[in-house]
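Here is a colleague's note to read with the model open beside you. Please take the points in order, and find each residue or element in the picture before moving on.

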Amino acid sequence: MHSWDGDSSCQSVCRRFHQLCSHDPLWKRLCKKYWLLTEEDKMQQNICWMELFRQFYCDMGRYIDHYSQLKKAWQDLKEYLGQRCPRMIASLNVGLTEEELDAVERRIKFKLPNDYRCSLRIHNGQRLVVPGLMGSMALSSHYRSEDLLDIETAAGGFQLRKGLKHCLPLTFCIHTGLSQYMALDEVEGRKLSDIFYHCANQMACDPSVVDMFLTGTSFTEWFTKFVHNVISGRYPIIRDQIFRYIHDERWVARTGEIIISVATSFLPELSSVHPPHYFFSYRIRIEMVEDASPDNACQLDSRYWKITNANGDVEEVQGPGVVGEFPVLRPGTVHEYTSCTTFTTASGYMEGYYTFHHLSQHRNTFNVTIPRFCMVCPPQRMPSTHQIGCSHDPSNDSTAPSNSSNLNPNLFGNFSPAMGRCPRHT
């Protein structure tokens, strides 16, 4: 027997559900959550929240799990750098369309990760400029500055050769040739979306074998972590450039009226896994507090270092001054310098002290503690074991680094590791 009461109840529920689905405040919350839309955006479009959500979903729906996080990261980065590094922000390219990204995928014959595509919809990397958006590093005889590549340049550097097979460059340094690559395929010991610096394995019989220093396991993780380090001040802005030094609050020591603080950075372009050679830079800030007595003005005479690697091996180094200088400290004075060291293990730490003398009493010397600070290289990923032991067959090696005849063939070449050794007494 037919139940008219049941039909009536069903119609009532459907009518109520339809009313709920059309409830604009509900769509307002969804617009703000997934698309970061504001009242101003709604007023400019002059449509209801439900229609605004529908428009964005039709265009960006495939990125609904990534868009809000990446859009906020881009907004935070531009707001922070807008006053500090305006040239860097001016170098950003506008975002791409779905059709343009689809064309790139057809060109390289591989799919781009959705989160990477989402970021390219917001900003298509930057023009090749100095300084680059993705950070700099400077030593007395070495400079690196990485640009975030636009997808056309990146696709031109898409790799087919052994060692970097099916990897896409995300960054590029015009000074060193260094790039961070993203894996678009699970080959040669890599996982999909791994982001890494590569270095030649000089102990393998096959010269195409590379080791990897991992910097991320997805584009979202890689990019948002970088943005956090920038906007939190963890990466300092020096001379309109982002320097990728890491500072730990524990790496600060005060002796009397002098404060020593340390930040460190790993240099993959000067490092190798096979043989083990890990190159680190450290930046030291020596400061005399402003309310110190003028009678306590002093000058640095010498330094002492105790350097310990991950195996517990200890090396002691001492010498005059710091990088050839003998800074004088007075109330409010700050002296900063950069130096470097190498380890045969993937991590190690340093500690020590500076010896000063008071300007008013040259013979009155005293030691100022340098806090213990650690240096750790990024996680490493080795190639497949069968690659390391095989003999090199040139017939299987695609040496062309690019799919584009218009691109400089040396732009994404295999940059040799361990370009220099840093004497610890310098």
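1. Overall make-up. Please keep in mind throughout that this is a predicted model. The secondary structure of the protein consists of 11 helices and 20 strands, and 48% of its 426 residues count as buried. If you look at the contacts between residues at least 6 apart in sequence, 64% of them join residues that are at least 24 apart.

2. Helices α5 and α10. Helix α5, which covers residues 67-84, packs with helix α10, residues 219-231, at an angle of about 30°, and the axes of the two helices are 10 Å apart. Since angles under 35 degrees count as roughly parallel, α5 and α10 are therefore roughly parallel to each other. α5 passes α10 in a left-handed crossing. On the α5 side the contact is made by Q69, L70, A73, W74, D76, L77, Y80 and L81, while on the α10 side it is made by F219, T220, F223, T224, V227, V230 and I231. Sorted by class, the contact of α5 with α10 has 11 nonpolar, 3 polar and 1 charged residues.

3. Helices α5 and α8. How are α5 and α8 placed, and at what angle do they pack? The angle is about 45°, with the axes of α5 and α8 10 Å apart, and these two helices are therefore oblique to each other. The crossing of α5 and α8 is right-handed. From α5, the residues Y67, L70, K71 and W74 take part in the contact, and from α8 the residues D115, C118, S119 and I122. These residues of the contact of α5 with α8 divide into 5 nonpolar, 1 polar and 2 charged.

4. Helices α7 and α8. Helix α7 (residues 98-108) packs with helix α8 (residues 114-122) at an angle of about 135°, their axes being 10 Å apart, and that makes α7 oblique to α8. The crossing in which α7 passes α8 is right-handed. In this pair, E98, L101, D102 and E105 of α7 meet R117, L120 and R121 of α8. By class, the contact of α7 with α8 has 2 nonpolar, no polar and 5 charged residues.

5. Covering of α8. How many of the residues of α8 are buried? The count is 8 of its 9 residues, so that this helix is mostly covered, given that buried means under 20% relative accessible area. The buried residues are D115, Y116, R117, C118, S119, L120, R121 and I122.

6. Cysteines. The structure holds 0 disulfides. C48 is in no disulfide, and the cysteine sulfur nearest to it, that of C31, is 8.8 Å away. C48 is partly exposed, with a relative accessible area of 33%, whereas C167, at 0% relative accessibility, counts as buried.

7. Cis peptide bonds. Another cis peptide bond joins H274 and P275, with omega at about 0°; P275 is placed in the loop between β12 (258-266) and β13 (278-288).

8. Positive phi values. Where is H166 found? H166 is in the loop between α9 (151-156) and β4 (167-169), and its phi is near 65°, which is a positive value in a residue other than glycine. D240, in the loop between β9 (237-238) and β10 (241-242), has a phi near 65° as well, again a positive value in a residue other than glycine. Are these residues buried or partly exposed? H166, at 13% relative accessibility, counts as buried, whereas D240 is partly exposed, with a relative accessible area of 40%.

Definitions and conventions: Residues numbered from 1 in each chain as written. Predicted model: local features only at pLDDT ≥ 70, side-chain atom pairs only at ≥ 80, totals over all residues. Heavy atoms only, no water. Axes fitted to C-alpha atoms, helices over the stretch in contact; angles between N-to-C directions. Helix = DSSP H or I, 4+ residues; strand = E, 2+ residues; numbered from the N terminus. Parallel < 35°, antiparallel > 145°, perpendicular 65-115°, else oblique. Left-handed = near helix turned anticlockwise from the far one by under 90°. Contact = heavy atoms within 4.5 Å. Nonpolar A, V, L, I, M, F, W, Y, C, P; charged D, E, K, R; others polar. Disulfide = S-S within 2.5 Å. Buried < 20%, exposed > 50% of the residue type's maximum accessible area, 1.4 Å probe, protein only.
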